[in-house]
Amino acid sequence: MTAAHRLADVQAGLDRACRDARRADRPLLVAISKTFDADAIRPLIAAGQRHFGENRVQEAQAKWPALMAETPGIVLHLVGQLQSNKAADAVALFDVIHSVDRPSLVTALAKAQAATGKRPACYLQVNIGDEDQKGGCAIADLPALLAQSREAGLNIVGLMCVPPANVEPAPYFALLAEHAKRLGLPGLSMGMSSDYETAALLGSTVVRVGSALFGSR
Ligand SMILES: *Cc1c(COP(=O)(O)O)cnc(C)c1O
């Protein structure tokens, strides 16, 4: 299957889910291109895809400046855990950051914003399954992290999660939606290759899809 076919397939799945949920809007599709090189990415750009995501700052720095020079209008998303010492590089390169999850990172991002004059849209990442070893803010700590982020001048647009692996994700998506609503945040970054339709049914505004578009990693 070509990249254009895969893209059409995923878009059709999102359309179906939105029809089923009687949604008028559709989630934004972010193509997660981590581990794939420029030659694998170009066919998707040619097929009209403009939003892309990476999970490592250094990998994105190596790949994207050249691709962005070729095609105006690319929007770059960071979906991976971000170390505070990479915050300046991240703010310089990315338009959207999906992984704000702790006070020290908020401080580093605020400093980077002041230095660069850039203000990326940010999502607070939530450890929705309360898993050890998983990135994301504990649910109980969300209100304080949101307050700190706003005070520091970050542009917080929503919540993001990666639900626990190998279990039904729907309850976790519903829970994330509930917390976003409670906090008055419109954005919901949830849904990956295996569950983007479920996420769309449950109100996702952004889905982050890698292998369904690029093949397995
Ligand atoms: C890799 C990754 C994705 C995409 O995963 P696929 O299963 O390949 O669709 C989405 N979100 C995050 C945070 C990721 O690291």
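The model is predicted, so that local features need pLDDT of at least 70 and side-chain atom pairs count only at pLDDT 80 or more, whereas totals for chains, interfaces and linings use all residues. Residues are numbered from 1 along each chain as its sequence is written, and side-chain values use heavy atoms, with hydrogens and water left out.

**Exercise 1.** Identify the polar contacts of the ligand (pairs of N or O atoms within 3.5 Å).

*Solution.* Begin with S193, where an N or O atom of the side chain lies 2.5 Å from a ligand oxygen. Continue with K34, which places a polar side-chain atom 2.7 Å from an oxygen atom of the ligand. Finish with G210, whose backbone contributes a polar atom 2.7 Å from a ligand oxygen. Of the 390 Å² of accessible area that the ligand has on its own (Shrake-Rupley method, 1.4 Å probe), the protein covers 87%.

**Exercise 2.** Describe the residues around the ligand (a heavy atom within 4 Å) by class.

*Solution.* The surrounding residues include I32, V79, M160, V162, R208 and R217. Next, sort the shell, which divides into 6 nonpolar, 3 polar and 3 charged residues, with Gly counted among the polar ones.

**Exercise 3.** Which residues lie closest to the centre of the largest pocket?

*Solution.* The largest pocket has a volume of about 410 Å³. Of its 23 lining residues, K34, V162, M192, R208 and R217 are the closest to the centre. By class, the lining has 11 nonpolar, 7 polar and 5 charged residues.

Methods:
A residue is near a molecule or strand if one of its heavy atoms lies within 4 Å of it. A polar contact is a pair of N or O atoms within 3.5 Å; within protein, one must be able to donate a hydrogen and the other to accept it, and residues adjacent in sequence count only if both atoms are side-chain atoms. On a 1 Å grid over the protein atoms alone, a cavity is a set of points where a 1.4 Å probe fits but cannot get out, and a pocket is an open set with protein on both sides within 12 Å along at least five of seven lines; lining residues have an atom within 4 Å of a point. Grid points are joined across faces, edges and corners, and a volume is the space filled by probe spheres set on the points.
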